[in-house]
Amino acid sequence: GIGTATPTTKLHIVSTATSLITAEGNNTNAIIEINNTNASATNYTGVRMNKNGVEQWLIGTSGVNANGDFAIRRPALVPFTILQSNGNVGINTTAPTAKLHVNGTFTTQAPTAAANQVANFTISTAQVDVASVIVFNQTTAGILLTAIGSPTSTTTGRFLRIHNIGTASFSYLGDAINPGTFLDLQWNGGTWAKETSNSSSL
């Protein structure tokens, strides 16, 4: 026991510090290894996170089979998320049959359609608040997108894709968004920054 006179496990640490354990290595890789020597397919190995003694989350092997599937789960038997050795990912299922298999309902946000712009235009805060993809059917050439509004939530990382399915190009900050191409932007906390590696307009 460290910080306790009544340890309940082989190593029991009690502290008011935010960081309880620091492990530091000086090699090509630094690894913390947890090894369960019981080979039963229903046993799992992982890290359990409790709050006031009650399990909240468990991250580790699923305990569903002997394949070593990775799982993130709540105390219920069905993992919240499972990643199989074949690359399939399941949400609310222990046996995903596709690269993404969701057992239950989920919500996706449809692209926002925008008409042909006949004059220089802006994208408003209201538009970026409700859409991650804005699709323009642009047929008038030489039009400029002059500004994009800040999202109401200014947290860094918000994504926006501007997609042109029309027959004419338009431009934003010097980048031509040609027919059939798109421009990806990410909110950096103060402005919309171009994601060059994800943009097909250049």
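Visitor: Where do I start with aromatic rings?

Guide: A pair of aromatic rings is described by the distance of the centres and the angle of the planes. In this predicted model, the count comes to four aromatic pairs.

Visitor: How are the rings of Phe-121 and Phe-136 placed?

Guide: Their centres lie 5.3 Å apart and their planes meet at 50°, so this pair is tilted. Now find the two residues along the chain. Phe-121 belongs to strand S8 (residues 121-123), and Phe-136 to strand S9 (residues 133-136). The pair therefore ties together parts that are 15 residues apart in sequence.

Visitor: Are Phe-121 and Phe-136 buried or exposed?

Guide: Phe-121 is buried, and Phe-136 is buried too.

Visitor: What about the rings of Trp-187 and Trp-192?

Guide: Here the centres are 5.4 Å apart and the planes stand at 65°. Planes over 60 degrees apart count as edge-to-face, so Trp-187 and Trp-192 make an edge-to-face pair. Both Trp-187 and Trp-192 are buried.

Visitor: Which residues do ring pairs link into a cluster?

Guide: Phe-121, Phe-136 and Phe-170 are linked that way.

Visitor: Let's turn to charges. What is the idea behind a salt bridge?

Guide: Side chains of opposite charge can pair when their charged atoms come close. This structure holds two salt bridges.

Visitor: Which residue meets Arg-161 in a salt bridge?

Guide: Asp-184 does, with N to O at 2.7 Å. Arg-161 lies in strand S11 (residues 159-164) and Asp-184 in strand S14 (residues 182-187).

Visitor: How accessible are the two partners?

Guide: Arg-161 has a relative accessible area of 26%, so it is partly exposed. Asp-184 has 1% relative accessibility, so it counts as buried.

Visitor: Where does the charged end of Arg-161 sit?

Guide: It sits over the ring of Phe-182, 3.8 Å from the ring's centre.

Visitor: Which residue forms a salt bridge with Lys-194?

Guide: Asp-175 does, and the closest N and O atoms are 3.1 Å apart. This pair links distant parts of the chain. Asp-175 is in strand S13 (residues 175-177), and Lys-194 is in strand S15 (residues 192-194), 19 residues away. Check the accessibility again. Asp-175 has 13%, so it counts as buried. Lys-194 has 35%, so it counts as partly exposed.

Visitor: Now strands. How do S11 and S14 run?

Guide: They run antiparallel, joined by five bridges.

Visitor: How many residues of S14 are buried?

Guide: Five of the six are, so S14 is largely enclosed by the rest of the structure.

Visitor: What joins S14 to S15?

Guide: Three bridges do, and the two strands run antiparallel. Leu-185 stands opposite Lys-194 in S15. S14 and S15 form a hairpin with four residues between them. In the turn, Gly-189 has a positive phi of about 105°.

Visitor: Which strand does S1 form a hairpin with?

Guide: S1 forms one with S2, with two residues between them. Asn-52 in that turn has a positive phi of about 55°. Six bridges join S1 to S2 (residues 54-61), and these strands run antiparallel. Val-47 stands opposite Ile-59 in S2.

Technical notes:
Residues numbered from 1 in each chain as written. Predicted model: local features only at pLDDT ≥ 70, side-chain atom pairs only at ≥ 80, totals over all residues. Heavy atoms only, no water. Phe/Tyr/Trp six-rings, centres within 6.5 Å; stacked < 30°, edge-to-face > 60°. Buried < 20%, exposed > 50% of the residue type's maximum accessible area, 1.4 Å probe, protein only. Lys NZ or Arg CZ within 6 Å of the ring centre and 35° of its normal. Salt bridge = Lys/Arg side-chain N within 4 Å of Asp/Glu carboxyl O. Pairing = 2+ DSSP bridges.
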